[in-house]
Amino acid sequence: MRSRTRRAFLRLAAAAAGVTVAAPLEALARRVRGGTIETEAAFGPLAPARDEATGLPLLELPPGFRYRTLAWTGDAMDGGARMPGAPDGMAAFPGDDGRVHLVRNHELSQGAAFAPALAYDANAGGGTTTLTVRADDVHLVGARASLAGTVRNCAGGPTPWRSWLTCEESVLGPPALEPALEKPHGYVFDVPVDGVAAPTPLVAMGRFVHEAVAVDPRSGIIYQTEDARRAGLYRFVPATPGRLSDGGRLQMLAVRGHPWCDLREGQPANVAYGIYWVDIEHPDRVHASAAAADGGGVFSQGFEGGGAVFARLEGACYADGKIFVTSTDGGNARMGQVWQLDIDRRELRLVFESPGADVLNMPDNLAMSPRGGLVLCEDGTANPCIHGLTTDGRVFRFARNTVRLAGERNGMLGDFSTSEFAGATFSPDGRWLFVNIQSPGITLAITGPWEEGLI
């Protein structure tokens, strides 16, 4: 059975690997500190643009780009339930009949589960929803709950077996003092694109402050980030590729020859560190507190074995045998780093570091474009933007949040222009960039002259 399962997984992986991207970010390392910065001019200056669905001026975009909103917090889903708020991480999957499925996280904490029948914990407000849109004109044709009863579903990642791994950015629940929650949290859940998730945590993948995952489609190994000031970069080696419920081995990255290496500041550009992996003996051992030392939890176990320390690892994605991750407040200016892990060479290197908030202010979620550049969702600024990071080392602003509402949609009122972008992901054909604005909770689709090849 395991042999047949592995063969099936490898067929799926080969199909997933059939979509290639341009050589990703090869020149970035030459321009890590400062370099070529084109803050507004890569596609042209940003200007107000109106939503094709509502007519509201929600974004600023370069010339030739347009967008439409797909879903808002409070909209009706299939069956009449209302869409939950705080959409965050997201991925797009091809569907039948020219449709695209979007699986979205909802970064909500305590409160009644928004879909009780799908709940892991009846007193937890997070989970996932799945949107279905027409691929040609991205009009919404369906929306449903796909997992509920989880906590702070922040990021995650798509898999080659047509599912979304949703991650809890919290370790609340027993034995912590959270009486409102019925079950422990801090886990990963596997959400199928074409159905609903079994509300069963993948305990072997670890209980910690999860952020994102990236799957190597060739091996089925899953790389995981941790959102903490002293964070680890982990990988999960499944016992059966593509069937995570069979368990596996959790490990933490370490730098060869430099045990306990602190990568948060003072890192040189384009220096290749050899790496190895430290086994985590007790992946379900939770942090004892929010203090720097986690009382024997996952990070402490890895660090005791020589594991490396990063600053707030958040976004993660796979491309051409490499894993890219963002360190949201890493670097000398604490404005963010982008790291590249070369899986086959077993090397880690810094490929971009923001020299200041005017260039890039704390990158969070990220996505690889089919054209080879990275899309970065900014987290730290008072006026959040989507940035592009090109294959020749240019960083530039691509979109700006300008959401201000006076009750035009679902009675929402207020200035939401300080809310972060999240969940950037491209449609399977590369024509549409889907993204969320976390508050008031909007999912949008952006398209335009991508043929210029910048991202």
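Me: Over residues 29–35, how many contacts beyond four places in sequence does the model have?
Reply: This is a predicted model, and the pLDDT stays under 50 over residues 29–35.

Me: What is the average pLDDT of the chain?
Reply: At least 70 is the score of 88% of the residues. Residues 1–22, by contrast, have a pLDDT below 50, with 37 contacts in the model beyond near neighbours in sequence. For the chain, the average pLDDT is 90.

Me: Which residues touch the most other members of the largest nonpolar core?
Reply: In soluble globular proteins, nonpolar side chains tend to be buried together. The largest nonpolar core has 33 residues. Among the elements that give two or more residues to this core are strand 2 (59–61), strand 23 (395–401) and strand 28 (442–447). The members that touch the most others are L61, F398 and I446.

Me: Which side chain of opposite charge is nearest to R207?
Reply: R207 is placed in the loop between strand 10 (188–192) and strand 11 (210–215). R207 is buried and has no salt bridge. A salt bridge requires the atoms to be within 4 Å, whereas the nearest side chain of opposite charge is 5.1 Å away and belongs to D284.

Me: Which residue has its backbone oxygen 3.3 Å from a polar atom of the R207 side chain?
Reply: R207 is buried without a salt bridge. A polar atom of its side chain does, however, lie 3.3 Å from the backbone oxygen of V171.

Technical notes. Residues numbered from 1 in each chain as written. Predicted model: local features only at pLDDT ≥ 70, side-chain atom pairs only at ≥ 80, totals over all residues. Heavy atoms only, no water. Core = buried A, V, L, I, M, F, W, Y, C linked by side-chain atoms within 4.5 Å. Buried < 20%, exposed > 50% of the residue type's maximum accessible area, 1.4 Å probe, protein only. Helix = DSSP H or I, 4+ residues; strand = E, 2+ residues; numbered from the N terminus. Lys, Arg positive; Asp, Glu negative; His and termini not counted. Polar contact = N/O pair within 3.5 Å; in protein donor to acceptor, adjacent residues only side chain to side chain. pLDDT = per-residue confidence, 0-100. Contact = heavy atoms within 4.5 Å.
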